[in-house]
Amino acid sequence: MRNLQLSTCSVVSNNNFRDSRLFCLDPDTSDCFCLAGNSFLRLTCKSQHSYAADVEVVCDLDFNGARIISLAYLNDQRAICLVTEDGDLILHSDDKFETIGSVDDGFRAAAWSPDGDVLILVTGSRTMVAMTREFEQIGEFPLFFDHFGRGEPVTIGWGKKETQFHGSDGKKSVKVSPESEVRVCDDGKPRLSWRGDGQLFAVNAISPGTCSRNIYIFSRDCTLVYSGEAIAGLEPPISWKPNGSVVASVQRLPNKYLVIFFEKNGLRHGEFVVSSTAYEYTIREISWSCDSSALAIWLEEFRRDGEKGEKGEKPCSKLQIWTMNNYHWYLKQTLDFSDRDRLTSFGWHPENASALYCFTGAGRFICYAWEWVTDRSADPAPVDDALVAVIDSHRVLTTPFRRMIVPPPQSAYEITLPCPANQICFPRNHSSGKFAVVLADNQMVVVSGFNPHGIEAIYTLDLPGEEDGEFFLPLNLHLWLWSAPDSVVCVRNVDGSSFLIRFCLLESSRRLKFQEKTKLDGIVRTLTASFEPATVAAQLSDGSVLKCVIAEHVDASPWTVNDKSFRFPQFCHSIETCRVRNEERIFGLSHRHRLYCMNDELLVNCTSFVLHNNFLLATTSDHTLHAFPLSRMTDKPSDFQKQSLRRLERGSRIVACVRDATQLVLQMPRGNLEGIHPRALTLSVVSKYLNELNFLDAFVLVKKHRINMNLLFDHNPKIFLENVNKFISQIDNVNWINLFLTDLQEENVTTTLYQSSYDDNSSTCLPDKVNAVHSAVRRALIEADSQKFLLSILTTHVMSKPPSLEAALNVIKNLDKKAKDEALNYMQYLTDINNLYDVALGTYDFDLVIMVAQKSQKDPKEYLPTLNQLRKMESNYQKFSIDCKLQKHEKALGHIVKCGDCRFDECLGHICAHTLYRQALKLLSSDADKYRKVAVLYARHLSDVRSFEEAGLWFERGGDLRSAVDAFGKGLRWTQALTLATDVPFSANEFSSLAEELARRLKDERRHAECARIQERYLDDAERSIFTLIEGRQWTVAFEMIYRHERKDLIDSHLKTAVREHCKSLIANIGQKESLVASYTSRLQQVRQEKRDKQLQRTNADNVDNDLASDVESTVTWTTQQSSRSCSSRQTSRSRRKQERKKQSLKKGNPFEENALLDACNELYTEGDKMKEECASVLWFSLSFGFDRDAEELQTRFDQFLRCLSRHRDEIWSASDEPLETEHYFLQMGPDSTANSIVESKLLAKKVSNETKCPVGPKLRENIKWKLDCFL
C-alpha cells in the first residue's frame, strides 16, 4: 500500500553529455564517470544526491572509432575497465589508459560479477572468456551447447510435454517458431546479467540452431547449468533480480508487450503487461534496484529500421518504475522524455537502492532519489475516513479503512486517470474525501476517493514562458503539497538549492497559475503540512527544518524550539507533525530506523510509524508495536517511555490508523492486510466514552474487545456511583447488565491489568467494591423497573461477597408461578442448585424448598419423607434439626436452648460435640444451674487442651473448687491454688502435700525464687528455702534470708562454696568459648576461600560450558519447580527436623557449613553478652568473701573474651555480606559429569544459594557495668 515518491532531483546540464551511452559509479563517493561521444567525463558528488555543476573532462578518447560496449568501476583498484567492440580490454587508472589485451574476433558483451572477482566476455566467435580481477584468464568456453546443462531434469515416465494439457492455447503452444516480425528491433547481440551473489549469470543470446533468442544459465566457472524454455518473441533485455529469485526479460506477442520472468532453472515464472499493443514501444533496457524492490524499464517509441517520425524527430522515450506486492505489479512512476531531450542511458546506484541516474540527449544528467511513502488522508477525527490511495499506472486505488478493509491488489474504489500518476497529495484538514493526483504530463487532477468516476477537475500547469523547458523536465517539480484549499506548493532544485514554488488553483479556468518561487538555503527532501493554517514544514538534506508560512509571500525561517533552531540528528525520510500540549512537535524516521521526536530519540529500530489522536504508534524490527501516549510527553524523552507493547507478525508495517477509533491497519511483507485493535487505543477510546458518560458505547467496546468489565467502574468509581441510573438506562439490556455484574472483582484493574494506560494517581477503588456496586445497581434497577430487571436484581444478590442466596430466594418467594420458574432456571446458571436447596431449607419455608427441589436432580422419594418428618416437629426443634442438617451448629444451639429442660441433655451433647461452650454460656443466665454445668464442661475441655490456668477459672465459676485447685496447680498458678485451697477447705496434710508438689514442680522449672517462697511461707522450712536459692544462684536473696533467719553458719558451709565453684566454672566455660570463636572464624574463612576458588575456576571454564550450563539452567528451573511442589507435599515433620539438623551441622564439607558456622558464632556472641550480669554478681560476691584471686582471674578472662568477640566480629560478618555465587561452588562440570550429576549439583547450588544467610552480627551492649575497679 506504498507509493514511490521523488524525494529530490539533482540536474546538471552540460553539452558534453549529449549522446552519453555508458556510465559507471564509484560506490564509495557516488562520483559518476560517463562516456559521451569521444569524451570521458567525471561528475563529482558534493553531497548525497547532489552533484557539482562543473563537469571534469578526464580525457578525449581515441580508439580508432571502436565502440565501447562496457564501462565498469573497479572499487578495489580505483580504476575503470572499458571493453570495446573491436576486442580491446582497457584499464583506466591514474589518468592513464592501459590496454590489457585484445581479441581478434571482438567482444559482443561483457559483465563483471557483483563482487568484482570475475569478468565474463562474449566474443564474436560465440565463445565466453572468463577472467579474474587481475585480468588472468580462467578459461575460454563455448557459448552454446548441444545439451540442456548439468541441471537437466530427470523424466520419470509421466508422458511428454506435447501430450499434456496446455489450456486454451492448445498443443500448438508447445511448438515455438521464430517470428521474423519480432526480430525487427533485435540487434542480434547477446546480453549478460549476474545474480546478486555472483555464483550464477544469465546469457540472453540468439541460438544458432533455432535462430531465436533463448536464455542460458551458467555457473561462475562458465559451466552450463540450465537452458531456458523456448519463448516466442523473446527480446534482448535481461536483468537478474539481485536477491536471485527470478530473471527478467522481455517478450513481444502479436497482441501485447510483456516483461516476463524465469526461474534459475530456465522455467517461466510470471509476467506483467507493459503495453496492450505489440508495436507501441520497444524496451531498450531493464534494470533492478540493488535491494530488488523496483524494476526500471527504458521504453522508446517503436520504429522499424530507417523509419522516422512525421517531422523527422527522434523517438520519444519513457522510464517506468515497477514494483510488485501480493503477486501484482504496480507502475509507480512514469518519466516522459521528449524527442528533443530523449533518454540516452540510465542506471541504479550499486549500493543505494533509492538513487536512479539518467542521461538525456539534450545534455542533462539527472539524479533521482526516491522514498517509499504511504499516502493517507490527514483530516481531523471523526471526519477522517483513513483513506489510503495507491498508484498503479493510470489508476488510483483507494480504500477508506474506517469503513472497510480490502486487501491489495483489490481496493474499495478504482479511479481511472487520463495519464499515469506520479504523486498523490492529500490536503490537511480540508479534504472531505478529495485529494490531488500529479500526472506524468505535469497536470493535476482533483478526485474524490469515494467515487470510481470521481475526477472533479483537471488543472493544467501554467508556467512562465522563458522557463518552460526547465520546468517540464520529468519530475523536476516534485514534493507536491496541497497546502490550502486554493493553493499548492512544490519544490524544484537548481544548482544545489531548492525553490519553493506556489501555484494557485483557478477553478474557473482549470489552471494551476504560477504565483511565486522562494529560494531556500539547502536541498529540500521532505514537505509536510503544519497544524497552523497555510504553514509548511520543509526538511533539508542535513536534517534541519524550515517553517514556511504561505501568505501573500512565502516566509521561510528555521523551525525553533525554545528559541533555538531545530534539527534532526539524522535526515528523516518520513516526518509528521502533531500538537502535544498546545505545542507543535515534529516526528521523524531516518533511514537508520531511528525514530525522533524533535531532537529526542525514541526508538532505534523503528520500521514505520503513524500518529493517532492520543498516541504515537510505531513498529520495530523486532516485530513489536509500540504505543506512546502523547499526553505524557514532556520536554524530557525519559518521561515518554511509559508505553504499551504488542507482538506483531514478522515484517509488519503500518498502513493507516483510524483516528478517534481503535483500529490500526498493518501490511505484511507478502502484501496482505491485517486490522488490529491495540489495547492502548481501545482503552483510550473507552476512557473517552466514560468521561463523556457514554456508557453504552463504552460497554459495547469493552465487550467486543474482551476488556475486563471492572474498568467501567474502576475508571472513576465516584462518577459511576453518581450516574448508576444513567448507566442502567443506556445499557437497557438485562443480559449485558448481568455480564457486567458477574465480572466484578475486588481488584482495581487501573492499577493492575491496565496500569500502563492510567496515571499513577488514578482513582482508588472502594474497600468493598463488589458489594457497593451491586447495592447501587440494585437500587437503580428497582427504581427503573423491578419486573423487567428481575434477573439482574437476582444477580446482584447471588454475586455478592459472600453470596446472598437467602435474599435472592426472598425476592423469588413473592413472584407469581411463571416468574418464579424463570428466576429459578436463571439462578441455576449462577450457583449450584444443591446449595440453593440448602439455602431454601434454611429459610424454613417448605413451599420454597419444594419449588427449588423440583428444579434439581433430587429424587422426590428422598426429600419428601424428610420434609414431611420435619413438618411434624415442634417449631424450635424443627429449626434446630434443619440447622443441624445444614451444619449451622451455632444457629441450631439458639433453637435447642429455647426448647427448655426436656431437650437440655441433647443441648449439652450438641455443645460438647461442636465445642460451642462460649456461645452457650452467652445464651444461659449466669446464676442458673444450666450455666454452671456448661461452665464445668467448658473447664474440662480447657484442661484437655492443656489450658489449665483458664480451666481453673471456669471450674471456680462452675462451683467445682477442688478441680479448680488442681487446674491452677497444673498451670503453676501456685498463688491461686494455695489461696483457693484454704476455701475448700483442705486438711493440713492435703495442704502440705499440695505445697510440696507445687514447690517441686517450680524447682523443676528452675523457678527457684518462687519455690523458695513456698518453702519458707507455706512449709515453714527456711533452711531448705536457703538451699534452693543457693542452688538457683540467687546469691543476694539467699544472703538476705540467711541473716533474716540467723543462719550465718550456712554462709561458710554452703554460700561461699557455691560462689567459688561457680566462679571457677565460669572461668573454664569462658576459655572454651574463646577457643570456639577462634576455630569457627578460621574455618569460616577457609570455607569462603574455597568458594572463591571454585567460582574462579567456573568463570574460566564458562567459555566452554556456556551452552551446557544454559541447557542445565532450563532443566534445573523446571526440575526445581517440580521437586519443590512434590517434596513439599510429601515431606513429614520428622524429615523436616532431620533436614534442619543437617543445616546446623558443623561437619566439614556440609553444603550448609557456612550457615551453620554463622549460627554458631551468633549464639556465642549472644551468650557472651548475656554473661555480663552473671559475671558482675559473681565478681561482687567473690570479692566480698575474700576470693580476690579468683575474682581477678574471672574479670581478666571475661574481658579477654569480650575483646576477642569484638575483634572477630567484622571478620565474621562483614565478609558474609559480600555476594558469592554459590552456584559455581557446587556445579560439577567436565568430561566425567553426566546430565543427572549436573542437574543434582545445580539443584543443590540453588537450594544453598536461596538459604545462604548474610545477617548483621549481634552488637555487644556497652552500657552494662560489670567490671570491678579494684582489678583494673
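Here are my entries on the charged pairs and their surroundings.

I worked from a predicted model, where local features need pLDDT of at least 70, side-chain atom pairs count only at pLDDT 80 or more, and totals for chains, interfaces and linings use all residues. Residues are numbered from 1 along each chain as its sequence is written, and side-chain values use heavy atoms, with hydrogens and water left out.

Entry: the count. I took a salt bridge to be a side-chain nitrogen of Lys or Arg within 4 Å of a carboxyl oxygen of Asp or Glu. By that rule I got 64 salt bridges.

Entry: Arg342 and Glu300. I found these two in a salt bridge, with the closest N and O atoms 2.7 Å apart. Arg342 sits in the loop between strand 27 (328-337) and strand 28 (343-348), while Glu300 belongs to strand 25 (residues 295-301), so the pair ties together parts 42 residues apart in sequence. Strands here are DSSP runs (E, at least two residues), numbered from the N terminus.

(Buried means under 20%, exposed over 50%, partly exposed in between, with a 1.4 Å probe and protein chains only.)

Entry: Asp197 and Arg195. Their side chains meet at 2.8 Å, N to O, in a salt bridge. Asp197 is partly exposed at 40%, whereas Arg195 is buried at 14%.

Entry: Arg220 and Asp115. I noted a salt bridge of 3.0 Å, N to O, here. The two residues lie 105 residues apart. Asp115 is partly exposed at 34%.

Notes:
Helices (H or I, at least four residues) and strands (E, at least two) are DSSP runs, numbered from the N terminus.
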